[in-house]
Amino acid sequence: MQRHPVETRRNRSLQRFAGIFLFTALVLLLAYALTGFPQEKNIWFVSETEQKTYSDPEIFRLDTNAAQHKTESASGKESAGSEAQWQLLLVNAQCPMPQDYEIALTELANGQAVDCRIESDLEAMLNACRAAGFSPLVCSSYRDEAYQRALYEKKVEEFAAKGLSAGEAETAAAQIVAYPGTSEHQTGLAVDIVDLNYQLLDEAQEDTPVQQWLLENSWRYGFILRYPDAHSGCTGITYEPWHYRYVGLDAAKLIYEQGLCLEEYLAQLP
Ligand SMILES: [Zn+2]
């Protein structure tokens, strides 16, 4: 018995619809399996360039899922009532990075990365700065040694191109870009923060609304301006009104109130 043509067409339509439905369901399931399941983030991210320019104020917001990476690093133990060892880690030309130093990094929303233990205070500071009406931007943060070496060698080449001897170029470069192994950026505890509306790393950065706010308030969140103008003889680094270092709440308060640099603060500790 032959089927009615209309009924046959209806059956074919139903089959086609069921096929499309099943295909769509399979595609959705596959997409979810590939992207929807929790994945371990790559926490070893290195910033690309030192003075990369950003325009979107949202991209420097911190990753709120970063807390899952909070771990105790082998580099320091928490001690109640005083700053933990890791918070007061001194890295400068005389004190290079410890050989076995381990860092658990957390990635910021713009691809920068910091030691995961400073993430919540950094986030609180940036949020408070924004709430005050300003636009802070973390433009540089954790660097591994290879990246620091590339920055340093680039600076040496710049001075050599100006006619300085190899030795002179190295000395001059080290005043501006720390020698590999001696940069605080390798600790994951330092961040360069600029004003979104003025992103140059020069002394005029000091006059921006963001820096004015940070100079006055960063200590409340455990950060200090690491290389103040008046202390460049002590730190060995020229004035950087953008480089902030996490030292913990108590130390930051004292350093701010007493007008010290980190080297001086550590020297007066018992
Ligand atoms: Zn810096």
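Welcome to this predicted model; the tour opens on helix 2 and helix 5, which lie oblique to each other.

**Stop 1: helix 2 and helix 5**

Select residues 119-131 for helix 2 and residues 209-217 for helix 5. Their axes come within 11 Å and cross at roughly 125°. This crossing is right-handed. Now show the side chains at the contact: helix 2 brings Met125, Ala128 and Cys129, while helix 5 brings Val210, Trp213 and Leu214. Colour these residues by class and you will find six nonpolar, no polar and no charged.

**Stop 2: helix 3 and helix 4**

Next, select residues 145-161, which form helix 3, and residues 166-176, which form helix 4. Here the axes are 8 Å apart, and the helices pack at an angle of about 130°. That angle makes helix 3 oblique to helix 4. The crossing of helix 3 past helix 4 is right-handed.

Which residues make the contact? On helix 3, pick Tyr152, Lys155, Val156, Phe159 and Ala160. On helix 4, pick Ala169, Glu170, Ala172, Ala173, Ala174 and Ile176. By class, this contact has nine nonpolar, no polar and two charged residues.

**Stop 3: the second largest pocket**

Finish at the second largest pocket, which holds about 260 Å³ of space. To centre your view there, select Met97, Pro98, Gln99, Glu145 and Gln186, the closest to the pocket centre of the 15 residues that line it. Sorted by class, the lining has eight nonpolar, three polar and four charged residues.

Methods: Residues numbered from 1 in each chain as written. Predicted model: local features only at pLDDT ≥ 70, side-chain atom pairs only at ≥ 80, totals over all residues. Heavy atoms only, no water. Axes fitted to C-alpha atoms, helices over the stretch in contact; angles between N-to-C directions. Helix = DSSP H or I, 4+ residues; strand = E, 2+ residues; numbered from the N terminus. Parallel < 35°, antiparallel > 145°, perpendicular 65-115°, else oblique. Left-handed = near helix turned anticlockwise from the far one by under 90°. Contact = heavy atoms within 4.5 Å. Nonpolar A, V, L, I, M, F, W, Y, C, P; charged D, E, K, R; others polar. 1 Å grid on protein atoms, 1.4 Å probe; cavity = no way out; pocket = protein on both sides within 12 Å on 5 of 7 lines; lining within 4 Å. Points joined across faces, edges and corners; volume = space filled by probe spheres on them.
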